[in-house]
Amino acid sequence: MMGDRRPLKWRSDMALDAHLVELSERHRALDRKIEEELARPQADALKIAEWKRLKLRLKDEIERLKHELSH
């Protein structure tokens, strides 16, 4: 049925949900990497700063997707 768009939206929402889960897992993995690096005696500040920037970009994308799913 061409007029019924719900199945397409449902599939789209499912894809967004899956992407959201993937981004959240990447965010948590970066958190662990940062904590591990900080625990080292001579932590690499540049690595940590790069990972923190990436983590912030992931958080922004997660929030954008959550907003998209809620509307």
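A salt bridge is counted here where a side-chain nitrogen of Lys or Arg lies within 4 Å of a carboxyl oxygen of Asp or Glu. In this predicted model, that rule gives a count of 5 salt bridges, and a network of such bridges links Glu61, Arg64 and Glu68.

- Arg64 pairs with Glu61, their closest N and O atoms being 2.7 Å apart, and because the two residues are 3 residues apart in helix α2 (residues 45-70), about one helical turn separates them.
- Arg64 also forms a salt bridge with Glu68, with 2.9 Å between the closest N and O atoms, and these two residues of helix α2 are 4 residues apart, about one turn of the helix.
- Arg64 is partly exposed at a relative accessible area of 41%, as is Glu61 at 25%, and Glu68, with a value of 38%, is partly exposed too.

**The Glu63 and Lys66 pair**
- The side chains of Glu63 and Lys66 form a salt bridge with an N to O distance of 4.0 Å, and both residues belong to helix α2, where they are 3 residues apart, about one turn of the helix.
- Glu63 has a relative accessible area of 43% and is partly exposed, while Lys66, at 43% relative accessibility, likewise counts as partly exposed.

**Glu37 in helix α1**
- Glu37 lies in helix α1 (residues 6-39), and its relative accessibility of 5% means that Glu37 counts as buried, since the cut-off for buried is under 20%.
- Beyond its neighbours within four places in sequence, Glu37 is in contact with Gln42, Ala43, Asp44, Lys47, Ile48 and Trp51.

Technical notes. Residues numbered from 1 in each chain as written. Predicted model: local features only at pLDDT ≥ 70, side-chain atom pairs only at ≥ 80, totals over all residues. Heavy atoms only, no water. Buried < 20%, exposed > 50% of the residue type's maximum accessible area, 1.4 Å probe, protein only. Contact = heavy atoms within 4.5 Å.
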